[in-house]
Amino acid sequence: MPDEHPEAGQKLRFSDPGRTSFRRLFGSRRFWQQRTLHPIARILLLAVVTVLLCIAIGFIVAAGRFARADLLTLMLYVAIAAFAWHPLTAAFMVIVICSLGAVLTGSGGDLLELAIALGLVAATCAPWLIVLHALVLSVLTADIAINGSSLTDGGVYGNTGIAAIAFLAGLTFRIVTAREEIVVAERARVVKDLEALAREEQERIADELHDGIAHDLTLVLFHARALPRQPDEASRQVSLTTIEESAEKALQSIQSLLSLMRETRPEGADGCPARYDGDVIEAVTSLATLLKEAGIPTRVSLPQGALSVTPAAERALADTAIEAVTNILKHGPNSEAASLDVVGKPGFVELLVTNVVSDADARTKARSSGRGLLRARQRLAQYGGELETDLSSGTWLLWARIPVAHTDPGVRVAA
């Protein structure tokens with residue numbers, strides 16, 4: 001029987017990166033975090049800096065002397081290259097070097113270099129550093145425009161325009177990088193969701209095979225083996241009826257399983273119907289009858305009042321009862337006695353299954369994968385429940401507990 005996972009029926013959500021809201025993008029803290037350059041941009045930057053260094057060294061060799069301005073130029077190029085590894089350090093180096101050049105030489109060329117570097121700062125650094133860079137550039141430009149003579153008429157506007165273009169170019173690089181990260185993250189999320197859906201379908205199929213078909217085939221096998229030893233016609237008829245009904249249920253389960261594997265389930269449709277309609281009271285009553293028909297004296301205890309549990313939680317508890325009885329028939333066909341108790345207690349509902357194993361069954365070591373009890377424990381845990389088993393002194397005990405539901409209009413009360 002397929003398990004009702006909380007995430008069952010989840011949908012894959014595909015977002016279109018091309019429609020990502022710029023307002024949402026600019027408002028994202030992650031967008032404005034310090035980031036490294038894109039690997040391709042890093043290679044291009046290093047190539048450009050290498051060419052500039054070669055040109056600067058060529059001018060120095062041609063001039064035949066090494067001036068203070070040449071030292072500042074070489075230091076600036078090294079600082080720009082540092083954007084490829086550590087943008088924060090590189091940004092401070094550029095600000096300091098260009099500020100020294102502008103103050104010591106009063107050259108407008110240092111302002112131009114500082115304006116161009118704003119593009120790298122906008123592409124990689126945090127907002128406060130972008131503001132600091134722009135503020136330093138504005139102060140130095142205003143100072144040289146007022147007190148210096150290196151800026152020609154309109155130089156302030158030209159420098160401002162270059163700074164604006166550099167900033168927009170850097171911001172564009174940041175947007176491209178951020179959107180690429182969104183695409184990568186979206187792709188990873190979709191892959192994860194697809195894997196989760198695949199695992200869910202595998203679990204649904206495995207649960208149907210184990211909880212449904214295996215339960216029915218266990219009944220068929222048990223009564224087929226017992227049929228030759230039945231003492232009277234009435235007992236043989238009970239075994240034959242059980243074999244026929246269980247075989248029909250197994251066939252229906254196989255057909256439902258094939259439909260689950262081959263067909264696309266419509267939204268909100270269940271893959272396979274729940275056995276006993278997911279009603280734990282009906283399940284325990286019917287399972288006790290099966291044990292009695294199998295020749296195992298069975299005692300049943302049911303609560304007088306209603307069980308306030310959600311349908312999914314009650315179904316998990318009913319599946320646990322099915323698994324317990326299947327194990328009794330499979331591993332303890334000669335059991336001396338069994339009991340199934342459903343108890344409603346304050347805050348939770350409890351299922352207690354006991355099985356007094358015969359000496360013959362105790363000596364037989366049946367092989368079991370343990371998957372059924374493991375899955376039952378997992379299903380109960382999804383709804384805050386617990387499951388414990390114990391075999392001692394010839395008695396096998398299964399104890400399951402699940403919390404009652406909170407007041408909710410969607411909660412079904414089982415009679």
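At what angle do helix α9 (residues 280-293) and helix α10 (residues 311-331) pack? Their angle is about 10 degrees, and their axes lie 9 Å apart; axes are lines fitted to C-alpha atoms, for helices over the stretch in contact, and angles run from 0 to 180 degrees between N-to-C directions. α9 is therefore roughly parallel to α10, a term for angles under 35 degrees, while those over 145 count as roughly antiparallel. On the α9 side, V280, A283, V284, L287 and L291 meet E314, L317, A318, A321, I322, V325, I328 and L329 of α10, where contact means heavy atoms within 4.5 Å.

The model is predicted, with local features needing pLDDT of at least 70 and side-chain atom pairs counting only at pLDDT 80 or more, whereas totals for chains, interfaces and linings use all residues. Residues are numbered from 1 along each chain as its sequence is written, and side-chain values use heavy atoms, with hydrogens and water left out. Helices (H or I, at least four residues) and strands (E, at least two) are DSSP runs numbered from the N terminus.

A second pair consists of helix α4 (residues 87-105) and α5, whose axes come within 10 Å and cross at roughly 165 degrees. The two helices are therefore roughly antiparallel to each other. Their contact involves P87, A91, V94, I95, C98, G101, A102 and T105 of α4, together with D110, L111, E113, L114, A117, V121 and T124 of α5. Helix α5 itself (residues 108-124) has 17 residues and reaches 25 Å from its first C-alpha to its last, close to the 24 Å expected at 1.5 Å a residue; the expected span is 1.5 Å times one less than the number of residues. Of the 17 residues in α5, 13 are buried, that is, under 20% relative accessible area, with exposed meaning over 50% and partly exposed in between (1.4 Å probe, protein chains only).

An α-helix has 3.6 residues a turn, so residues three or four places apart point the same way.

Finally, S393 is found in the loop between β4 (386-392) and β5 (395-403). Although S393 is not a glycine, its phi is positive, at about 55 degrees. S393 counts as exposed because its relative accessibility is 80%.

Conventions. Parallel < 35°, antiparallel > 145°, perpendicular 65-115°, else oblique.
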